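Subject: Structure handover

Hello,

Here is the structure I said I would pass on. Please open it before reading further, as my notes follow below.

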Amino acid sequence: MKESAQTRFTPQATRSILKQYLPSLLVVFCLLTLSSTTVLSQDALLKHAYTFDDGTANDIVGEAHGTINGGKIINGEYVSFSQGQFIVLPANKIALNSYPALSLEAYLGAGHLNAYFTMFSYFGNSVGPLGTSYLFQSLTNGGHSATAISCKNDQTPWATCTNVFGTPLVDAKYHHVVSTFDNHEIKFYVDGVLVGQNTIDEFPNNSIANLSNQFAYLCKSGYMQDPTWFGTIDRFNIYEGVLDATTIAASAKKYQAGLKDLPSEIKELLSNVLVNPGFKPESNLSADFLQSYKPGKFVVYPTVIRTPDSTAFSPGSAKAFADLLANDLHLNAEFNETILNPGQLEGQGQLDFFNNDMKRLASAIQEEGTNADYYVVLEILFPPRQSEAVNVFGIHILVLDKDTENAFSFLLNAHHDYMAYNSLWAVNAEPANLEPLKIKCAKVAFDALCKQLEYAESAMVK
């Protein structure tokens, strides 16, 4: 695809145009200066470009050379195919927040096994686990393709985003994706078509000047929990000014965007990605668990169903999980119908919920009396209802040893591939729809546990 991923806005082409039309341009410039300077922000000037043709992430227009962190360059395309593979660009040299207007143009190949929240380009800061004062582009973000800007909100940056959403792209094809921003209106183009546009009227802090120059990434999000984006970047261009719709459409057509499949070599790499099966906090007992879980006795209690203001229980999903442990992992596992109530949900986020409920459920098991090697409790978290549809916010897989200490517990949410791939939602809360969803959650939790075991046992061998 490399031969068609070119732009007419090269330094050589610019010099040729200026030489031919310089007198006319001077007249136009004077007229524009006398009328309105805002029109000048519509003229796109290529400032930085990354083609990967020489096997590096060097900037072929400016001096903002990138650093490759894993991945491969194949036939002039950067390929990210495993967690932690991305490109770091020198955000301070690019200085995006000094532009009067901007355009980000990507020629890329969409990986087909991406998680629910990813970004293929990110310019901004990170405060703790959150991205802040950023501009990003994504092919898979919360069930959409997207571009967004959010500035000067370090607590809940997503709540004050100026977003444009499109259809998610996970089709193993090449695409042309452009975001333009004139410091008032952001537009999002996919394969030459304007997907949508939005203004910063509701959130006026979302201006170019408020963007952070702390970080700039390709194939990586500024939200630390988000997994790597898997795919190829054929070329990435940064313009000062706004690319016009006609130019964008012509570039997409020339690239045959949306029509060409990824080569078999690249698609094979992207088919063997290492998925993220959840976040497992460190435990001193994990090594002991890996040595002893196979002959051990497991007891599985009814699943705890959580919303911010209610608690219920699901024996059926817990029994399904126990059956999977017995039949698929060949463990000595049984279902115990005793209800363990962790009380009111407390904490500031999922990790707090996870840790607080683990302590309370451990106390409940102790009160009941322990007679097994390991105890398992699943928790399914639902957010407040905002529509008729029901979405799963997160899943906790609590695995405690005979002393009710954390042996191998972990949590899942939409940032983790194993949960994101499975679309855990129901059209409404009717039992006929909700009960199958709970069973599906148990199966996803089991699959994630198997993958956690696989990774942990592989690490021990190394």
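Please keep in mind that this is a predicted model.

Aromatic pairs

The count of aromatic pairs comes to 18. One of them is formed by Tyr 122 and Tyr 217, which are stacked, with 6.3 Å from centre to centre and 25° between the planes. This pair links distant parts of the chain, since Tyr 122 is in strand 7 (residues 121-127) and Tyr 217 is in strand 14 (residues 215-218), 95 residues apart. Tyr 122 has a relative accessibility of 0% and counts as buried. Tyr 217, at 7%, also counts as buried, because the cut-off for that word is under 20% relative accessible area.

Tyr 174 belongs to strand 11 (residues 174-181) and Tyr 255 to helix 3, so the pair ties together parts that are 81 residues apart in sequence. Tyr 174 and Tyr 255 are both buried.

The cluster and the lysine

Which residues form one aromatic cluster? They are Phe 86, Tyr 122, Tyr 134, Phe 136, Phe 215, Tyr 217 and Tyr 223. Lys 220 lies over the face of Phe 86, 5.3 Å from the ring centre. Lys 220 also lies over the face of Tyr 217, and here the distance to the ring centre is 4.9 Å.

Positive phi angles

Most residues other than glycine have a negative phi. Two residues are worth looking up with that in mind.

Lys 152 is not a glycine, yet its phi is positive, at about 60°. Where does Lys 152 sit? Its place is in the loop between strand 9 (145-150) and strand 10 (162-166). Lys 152 is exposed, with a relative accessible area of 56%.

Gln 256 has a phi near 55°, again a positive value in a residue other than glycine. Gln 256 is found in the loop between helix 3 (245-255) and helix 4 (264-271). Its relative accessibility is 34%, so Gln 256 counts as partly exposed.

Best wishes

Conventions
Residues numbered from 1 in each chain as written. Predicted model: local features only at pLDDT ≥ 70, side-chain atom pairs only at ≥ 80, totals over all residues. Heavy atoms only, no water. Helix = DSSP H or I, 4+ residues; strand = E, 2+ residues; numbered from the N terminus. Buried < 20%, exposed > 50% of the residue type's maximum accessible area, 1.4 Å probe, protein only. Phe/Tyr/Trp six-rings, centres within 6.5 Å; stacked < 30°, edge-to-face > 60°. Lys NZ or Arg CZ within 6 Å of the ring centre and 35° of its normal.
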